[in-house]
Amino acid sequence: MSLRIFLPRDSAAIALGADSVAAALMAQAKSLQLDLDLVRNSSRGMFWLEPLLEVQTDEGRVAYGPVTVPDVPGLLKALQEKDGAHPLRLGLTESIPWLARQERLTFARMGVTDPLSLADYQAHAGYSGLRRALQMKPAEIVQEVLDSGLRGRGGAAFPAGIKWKTVANAVAPQKYVVCNADEGDSGTYSDRMTMEGDPFMLIEGMTIAGIATGATQGYVYIRSEYPHAIATMQAAIQIALQNGFLGDRILGTDHRFVLEVRKAAGAYVCGEETAMLESIEGRRGVVRAKPPLPALSGLFGQPTVINNVITLATVPLILERGADYYRNYGVGRSRGTLPIQLTGNIRQAGLIEKAFGVTLRELLYDYGGGSATGRPIKAVQVGGPLGAYVPPEHWDIPFDYEAYAAVGAALGHGGIVVHDDTANLAQLARYAMEFCALESCGKCTPCRIGSTRGVEVIDRITKPQEGQNRAQQVVLLRDLCDTMLAGSLCALGGMTPYPVLSALNHYPQDFGLTNTNSSS
Amino acid sequence: MISTTMRAQVSELLALKKHMPGALLVLLHDIQDLAGYIPAELVGDIAAALNLSRAEVHGFITFYHHFRSVPPSATVVQVCRAEACQSMGAQKLWDHAVSCAATANGKHGDAAVSVEPVYCLGLCSTAPAVQINSALHARVQIEQVEGLLTHALTQQGAAA
């Protein structure tokens, strides 16, 4: 009897020993003369259970985890028994409540398929979106994306369809599609998971974007800290090319689209779209002033669609199922789903794809199960290093771009970093300024100099010298934040005040302040 | 001083890729993959091939954290210092890694190990994260650091 086993090849699983477990499984199977079919799949995103091993049974896949090398002999023995009983047994994977209660649209294949198997991809609805798109006029594709309500998942939430329409209407000898995969925000990894775990989905999305807008060349700009994602994307592009999904005649039609990976070089600011373009063009990642919009004058001065990984990866589903299917999920003007990354000090951390409208409290307790340390949760940063610290009184606000903006917060890329009550928010605010100073491209003054002054002012508030007036320093910090917010060229300087001000407003005691002297 | 073989390999790369759109970023990655860093002696060659000034190439190299102007230590320990890892004790982990590295350097010679910050390895749900050379480690406990380092140094010794 052959035993079909799945063990993820996601970086996080590897970082927890999945490769050693895989080697042990193969060695043990060999010594037992057991016919083992080991598939290195993508991750389900239940990271507290990684490495998560699954075995194919008549009822479906059964999960075991977290598996370590010493568990392997006992586990293989159990898997040969009918009931498969073992202390690590978690039951049918898809019945695990944490997973069953999600709305996995974009991440439907995650943890299910072998990332580099084109057959697997197509067996699970892959390339159905492209096939439908090829039968439509480009303008109809753009309209479909527009109607779906899809907004940029990189953080700015700009309607993707409007961007596409601008590029489609531009007349130029060459247009480009650039995928921003410079996912530098702490607390985010859904781009990494997508590229490592379902690379054809991104390739398909970019191909559709190319056909819709008349762009024939695409670039994926991937951060150098993601070597596994780079390798998987490169391999997938080759496979797509060999099978006619990329190249001069896509699936035998007259459409041409080619794709290239560009490896970034560790500058956080290159996640800003114009800095990224500069970097791809071979220059320092210095932010460009807008206008001109990249949609009209982007890469090498040509009209360019720039979207984040998740935005582009969502497109195949929209084309396959139709705009209405997607926009029926969500609330208000936030349509569809968001792959939320629950991270940091949280017991059940991982990837939760939910329709907009879910609340932080549900995520933290129903999914997360509270902090990893067992201490009370004190603050939650939503939307990456440039997102606000959200205090408990705001944990019932639905995940909705506008609702979050209304309380001075941002959903961003859907990254959530949880801190327990040992966190010092003044220190975290200082870190935000410090990080901005470290990563500023230097073009605009509020960001370049404001961030350094910000560190100094916070130090004067938390550790006042003889004769210094704390309340006065608070006024200065607020004034500085106002200048950065309003006067910076891009989101780095323009949003660093979010974590700083939210920390100051909601956790004044961490700055050594009382409520009264923090509000001046 | 770089070897003549390396200079020849770099010339070959330059000739092969200098006409690519945005060639500088691509070429510097290739050169660093080859040499481990971007040797200063090569900056002039790179600039000449791409019709750039030396200042432009130098400015590019120093702008990006990934590019090194000096050879890296045999063992590079990157400790994530970003928020998600901070929430799980990355600061203590960093302090401990620095002290372990100092001990190892005392034993093995000055530049055997270096500890560098990294801002996010994308392992935020399994924090804190560390990368030692190319190997990723997640949910790293302070007690594990010394063992991981010894293991990396042994591997390094075996390779040398």
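Buried here means under 20% relative accessible area, exposed over 50%, and partly exposed anything in between, with a 1.4 Å probe and protein chains only. Keep that in mind as you click around.

You are looking at a predicted model, in which local features need pLDDT of at least 70, side-chain atom pairs count only at pLDDT 80 or more, and totals for chains, interfaces and linings use all residues. Residues are numbered from 1 along each chain as its sequence is written, chains are lettered from A and ligands numbered from 1 in the order in which they are written, and side-chain values use heavy atoms, with hydrogens and water left out.

**Stop 1: the five-stranded sheet**

Start in chain A, where five strands make an open sheet in the order 2-1-3-4-5, with mixed pairing. Strands (E, at least two residues) and helices (H or I, at least four) are DSSP runs numbered from the N terminus, and two strands pair if DSSP finds at least two bridges between them. Color strand 2 (35-39) and strand 5 (89-92) of chain A: they stand at the edges with a single partner strand each, so one side of each has no neighbour in the sheet. On average, neighbouring strands of this sheet are turned by 25 degrees against each other, direction ignored. For that, axes are lines fitted to C-alpha atoms (for helices, over the stretch in contact), and angles run from 0 to 180 degrees between N-to-C directions.

Now pick strand 3 (residues 53-57) and strand 4 (residues 60-64) of chain A, which run antiparallel and are joined by five bridges. Show A:Leu53 and you'll find A:Tyr64 of strand 4 opposite.

Next, bring in the helices. Helix 2 (residues 18-31) of chain A lies across strand 2 and strand 3, at about 165 degrees to strand 2. Helix 3 (residues 72-80) of chain A lies across strand 1 (2-6), strand 2, strand 3 and strand 4, at about 125 degrees to strand 1.

**Stop 2**

Most residues other than glycine have a negative phi, and most peptide bonds are trans. Here are some places to look for something else. Select A:Gln33, in the loop between helix 2 and strand 2 of chain A: its phi is positive, near 55 degrees, and A:Gln33 is exposed at 75% relative accessible area. Over in chain B, B:Arg139 has a positive phi too, near 45 degrees. B:Arg139 sits in the loop between strand 4 (135-137) and helix 7 (142-159) of chain B, and is partly exposed at 29%.

For cis peptides, go to the bond from A:Glu50 to A:Pro51, with omega near -5 degrees; A:Pro51 is in the loop between strand 2 and strand 3 of chain A. Another cis bond joins A:Lys290 and A:Pro291, with omega about 0 degrees. Look for A:Pro291 in the loop between helix 12 (273-280) and strand 9 (304-308) of chain A.

**Stop 2: an enclosed helix**

Select helix 10 (residues 199-213) of chain A, which has 15 residues and reaches 21 Å from its first C-alpha to its last. That is close to the expected 21 Å, taken as 1.5 Å times one less than the number of residues. Of its 15 residues, 15 are buried, so helix 10 of chain A is largely enclosed by the rest of the structure. Step past its end to A:Gly214, where phi is positive, near 85 degrees.

**Stop 3: salt bridges**

The structure holds 31 salt bridges over all chains, each being a side-chain nitrogen of Lys or Arg within 4 Å of a carboxyl oxygen of Asp or Glu. Show A:Arg192 and A:Glu196, with closest N and O atoms 2.9 Å apart. They are four residues apart in helix 9 (residues 190-197) of chain A, so about one helical turn separates them. A:Arg192 is buried at 1%, and A:Glu196 is buried at 3%.

Then try A:Arg361 and A:Asp396, which meet at 2.9 Å, N to O. This pair links distant parts of the chain, 35 residues apart. A:Arg361 is partly exposed at 32%, as is A:Asp396 at 47%.

**Stop 4: chain A against chain B**

Finally, show both chains: 60 residues of chain A are in contact with 36 residues of chain B, contact being heavy atoms within 4.5 Å. About 3,500 Å² is buried between them, 60% of it from carbon and sulfur atoms. Buried area is the accessible area (1.4 Å probe) that two parts lose on being put together, summed over both. In chain A, select A:Ala265, A:Arg284 and A:Tyr431, which lose the most area to chain B, together 17% of what that side buries.
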